[in-house]
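Me: I'd like to go through a few labels on this one and see what backs each of them up. Can you set the values against the cut-offs for me?

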Amino acid sequence: MNLSNAESMSETADASVAKPFRKTGDPVALTSESPLHPRRKSRRIMVGPVPVGGGAPISVQSMTNTLTADVPATLQQIAELTAAGCDIVRVAVPSQDDADALPEIVRKSPIPVIADIHFQSKYVFQAIDAGCAAVRVNPGNIRKFDQVGPDICKAATDAGISLRIGVNAGSLDKELYAKYGGPTPEALVASALKEARMFEDVGFHDFKISVKHHDVITMVETYRLLASKGDWPLHLGVTEAGPAWQGTIKSCLAFGALLAEGIGDTIRVSLSAPPVEEVKVGCKLLEYMGLRPRKFDIISCPSCGRAQVDVIQLASAVTEGLKDVTAPIRVAVMGCIVNGPGEAREADLGVASGNGKGQIFIKGKVIKTVPEDQIVDTLLTIANDIAAQMEADGQVPAGSTGPVVVPIQHPNRAA
């Protein structure tokens, strides 16, 4: 997506979302329930037009890795994140040039922008004045926070925006580190509670908390403990999770455990990879947990000695060919006669392959048999036809470029 597309998306967003943003904490009807466990009851805040907590759909966040002062590059990346399904984006503000760039970024971004502030409290006020939807502020490293904290709270209240506070293993207060012998769950929660009291003591309640750690077990135990202490919205993250494959595994394990218990209101998958990959993982995770509507999905069997076709190549080719499909169709790519026909029948579209040919199924019925070298082209053609028909029938939200957050009702619960 190029910058002109980003600007077009921004104009659409401006037309549908009145600014200044709705005051944080305003009640809205949008709710989302987990099919595995009732969601933890938390207070609701707003990040621009996106509700967080109070049963609102879990939002996916990411962070740009461009120089924020480079406005075109930052907006380009925000457009790519938006297209992948990102709900909220965070931008780093370590310098005056970055702070000066915020008004234009906020004005043109199609999704709410959070300013990430450390050390310099003046950037917090500048971010609020720039119209940022929220500010991530770390009281532990803001100079003289006990003096400037009340002013930050007042400015945020006047602007109707929320804050994110919290701690991670690398920024734990030295006294708490010594008291608990390291960044233990108890130490991290004690730090978070200390910060929360700083804000609540001056009457400010529109904040969410994160208590991130790089170790999955510690992170899960920390969030469980914090969740038992109050009703703050919680932002989930495994910090410094690692390269794409490792970080994906860590994040899915940690988030899956917590979300299955109803804990968590926003998530960020932290990967040493392009930010758009974080969003793809986060969106798919929520889909597979039943917390977002299912979008396009590939079912493919593992490679084994029964396979009579190159399943790995076949599945990769189909996935690549359909990467831009947003219609909620399920495509099965199967490599032998043991599970193939059954799985293909369960999908919207599927192929059961063997003996140099493939049986193509639509909704459980074989519609044709094609030579192996025609399987990919045939599946792509039919899948795109099905997707187009679903769009024509209004089954895909207009203008959808990725997973869309909508209310989800548990099938066994009353609306």
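Me: Why is Arg40 called buried?
Reply: Buried means under 20% relative accessible area, exposed over 50%, and partly exposed in between, with a 1.4 Å probe and protein chains only. Arg40 comes out at 12%, so buried is the label. Bear in mind that this is a predicted model: local features need pLDDT of at least 70, side-chain atom pairs count only at pLDDT 80 or more, and totals for chains, interfaces and linings use all residues. Side-chain values use heavy atoms, with hydrogens and water left out, and residues are numbered from 1 along each chain as its sequence is written.

Me: What makes Arg40 and Asp265 a salt bridge?
Reply: The term needs a side-chain nitrogen of Lys or Arg within 4 Å of a carboxyl oxygen of Asp or Glu. For Arg40 and Asp265 the N to O value is 3.9 Å, and the pair counts as a salt bridge. Arg40 sits in the loop between α1 (3-16) and β1 (45-47), and Asp265 in the loop between α9 (244-259) and β10 (266-268), so the bridge ties together parts 225 residues apart in sequence. Helices (H or I, at least four residues) and strands (E, at least two) are DSSP runs, numbered from the N terminus.

Me: Is Asp265 buried or exposed?
Reply: Buried, given its relative accessible area of 1%. Asp265 also belongs to a network of salt bridges with Arg39 and Arg40. The structure holds 16 salt bridges.

Me: How do you know that Glu261 and Arg224 pair up?
Reply: Their closest N and O atoms are 2.6 Å apart, and they form a salt bridge. This pair links distant parts of the chain, with Glu261 in the loop between α9 and β10 and Arg224 in helix α8, 37 residues apart. Glu261 has 28% relative accessibility, so it counts as partly exposed. Arg224, at 39%, counts as partly exposed.

Me: What are Lys323 and Glu320 called, and on what value?
Reply: Their side chains meet in a salt bridge at 2.9 Å, N to O. Lys323 has 54% relative accessibility and therefore counts as exposed, while Glu320 is partly exposed at 48%.

Me: How do you know that the span of helix α7 agrees with what it should be?
Reply: The expected span is 1.5 Å times one less than the number of residues. Helix α7 (residues 185-200) has 16 residues and should span 22 Å; its end C-alpha atoms are 22 Å apart, so the two agree. Its buried residues include Leu188, Ala192 and Phe199. Among what covers the buried residues of α7 are β7 (162-168) and α8 (216-227).

Me: Which residues does the "binding site" annotation cover?
Reply: The unreviewed UniProt entry puts it on Cys301, Cys304, Cys336 and Glu343. UniProt positions are in the numbering used here, feature names are shortened, and annotations may be inferred rather than shown by experiment.

Me: Why is Cys301 called buried?
Reply: Its relative accessible area is 18%, so buried it is. Cys301 lies in the loop between β11 (297-300) and α11 (311-321). Leaving out residues up to four places away in sequence, Cys301 touches Val311, Val333, Met334 and Gly335, where contact means heavy atoms within 4.5 Å.

Me: And what makes Glu343 partly exposed?
Reply: Glu343 has 33% relative accessibility, which is why it counts as partly exposed. Glu343 lies in helix α12 (residues 340-346).
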